[in-house]
Every structure is written in C-alpha cells, then in structure tokens.
Amino acid sequence: VSLPLRGWKSTMVQPLLKGSDKVQKRSKTFKKYQSDRFKRLQNTSWRRPKGIDSRERRKFKGLPPMPNVGYGTAKKYKHVLPSGFLKFVVHNVKDLDMLLMHNRKYAAEIAHGVSTLNRKAIVERARQLNVKVTNGAAPLRSEEDEKKS
C-alpha cells in the first residue's frame, strides 16, 4: 500500500485536462434546409443542399449556417468528457489493468452487457487502482428484482 504524497489534497484521481476549458462553438444541431416547411423533412438529419440555384448552397445572407470545419472541436479536447477524462470501455477486470498507468487520462466505463457480479468486481478493482468509473454508481439489479418485474 502506497502512502499519499505530502500536500496531496484528495485520494480521488484528478484529470490531466479540465473538461470545462473545452470551447463549444455551437450547441444547436444543424437542420436540413427548409425542414420547417415540409413535414416529411421535419426529423431528417443534415444533408448538404445540392441544387444548382440553391440560395442555401450559395451562402446568401440571412440563411441558416452550414456545417464546416470551423465548428470542429480542438484536437486537445476531442472526445473529452465534462469531467476531463477520455472514456475507455471495460468488459472485464483484466481490461481495467490497462488503465493502471493512465488513470489521469482515461476513465473506465463499464460495458452494457456486463453482469452484476463482474460489475461489482470491476468497481472494487477500480477503487484499488484509483481509476475513475463513470457509471460505477449505477443501480445493480439482483435476481429478486428481476423476478418481481
């Protein structure tokens, strides 16, 4: 068992990056041109306008913006969670051992199909390795709960 360093404030692992420093250039999603006018286009995702006379494609003044590379996230903050960690999906306890030296960069996320028994083991091992688990506090379903429903 290693002792904490002098002056170390918390035993919880601290991220290398601060997720709060990430600049969000646009939070609204880009809508398909004229999707407000036609019901058949209402729930469609972005498609580039391709018409030869399209005012949207020619970027006339007063028309909605089109996606371009300028809206991209900085490389340093790409895929960074708000907590400041990168996500690493864990399926078993052995996967967790890979994060031993990278516990300040990656946070473990327990995969969807992991059983309750393995989930408990992963959370316990993560506590020993001082690895943050994003969904470690998720409610565990027991056999009695499944029989009731």
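A charge is taken to sit over a ring if NZ of Lys or CZ of Arg is within 6 Å of the ring centre and within 35 degrees of the ring normal. With this in mind, select Arg26 and Phe30: the charged end of Arg26 sits over the ring of Phe30, 4.3 Å from its centre. Then select Arg40 and Phe38, where Arg40 lies over the face of Phe38 at 4.7 Å from the ring centre.

The model is predicted, so local features need pLDDT of at least 70 and side-chain atom pairs count only at pLDDT 80 or more, whereas totals for chains, interfaces and linings use all residues. Residues are numbered from 1 along each chain as its sequence is written, and side-chain values use heavy atoms, with hydrogens and water left out.

**The chain as a whole**

Colour the chain by secondary structure. Helices (H or I, at least four residues) and strands (E, at least two) are DSSP runs, numbered from the N terminus. Of the 149 residues, 21% count as buried; buried means under 20% relative accessible area, exposed over 50%, and partly exposed in between (1.4 Å probe, protein chains only). Contact means heavy atoms within 4.5 Å. Among contacts between residues at least 6 apart in sequence, 48% join residues at least 24 apart.

**Aromatic rings**

Rings of Phe, Tyr and Trp (its six-membered ring) pair if their centres lie within 6.5 Å; planes under 30 degrees apart count as stacked, over 60 as edge-to-face and the rest as tilted. By this rule there are three aromatic pairs. Select Phe88 and Tyr106: their ring centres are 6.3 Å apart and their planes stand at 70°, so the pair is edge-to-face. Phe88 belongs to strand β1 (residues 86–90) and Tyr106 to strand β2 (residues 106–110), so the pair ties together parts that are 18 residues apart in sequence. Phe88 is partly exposed at 23% relative accessibility, and Tyr106 is partly exposed at 25%. Next, display Phe30, Trp46 and Tyr71, which ring pairs link into a cluster.

**Salt bridges**

Side chains of opposite charge can pair when their charged atoms come close. A salt bridge is a side-chain nitrogen of Lys or Arg within 4 Å of a carboxyl oxygen of Asp or Glu, and the structure holds three of them.

- Select Lys87 and Glu109, whose side chains meet in a salt bridge (3.8 Å, N to O). Lys87 lies in strand β1 and Glu109 in strand β2, so this pair ties together parts that are 22 residues apart in sequence.
- Select Asp97 and Arg125, whose closest N and O atoms are 3.2 Å apart in a salt bridge. Asp97 is in the loop between α1 (93–96) and β2, Arg125 is in helix α2, and the two are 28 residues apart.
- Select Glu124 and Arg127, a salt bridge with its closest N and O atoms 3.0 Å apart. Both lie in helix α2, three residues apart, about one turn of the helix. Glu124 is partly exposed at 37% relative accessibility, while Arg127 is exposed at 58%.

**The nonpolar core**

A nonpolar core is a set of buried Ala, Val, Leu, Ile, Met, Phe, Trp, Tyr and Cys residues joined through side-chain atoms within 4.5 Å. Select Leu96, Ala108, Ile110, Ile122 and Val131, which touch the most other members among the 13 residues of the largest such core. The elements giving two or more residues to this core are β2 and α2 (116–129), and α2 supplies the largest share, four residues. Centre the view on Ile110: leaving aside residues up to four places away in sequence, Ile110 touches Val90, Arg119, Ile122, Val123, Val133 and Asn135.

**The segment before β1**

Glu56 lies in the segment before β1. Glu56 is buried yet has no salt bridge, and the nearest side chain of opposite charge, Arg55, is 8.0 Å away; here Lys and Arg count as positive and Asp and Glu as negative, with His and the chain ends not counted. Show the surroundings of Glu56: not counting residues up to four places away in sequence, Glu56 touches Tyr33, Trp46, Pro49, Leu63, Pro64, Pro65 and Met66.

Gln34 is also found in the segment before β1. Gln34 has a positive phi of about 65° although it is not a glycine. Finally, select Gln14 and Val131, which are 117 residues apart in sequence and 9.7 Å apart in space, C-alpha to C-alpha.
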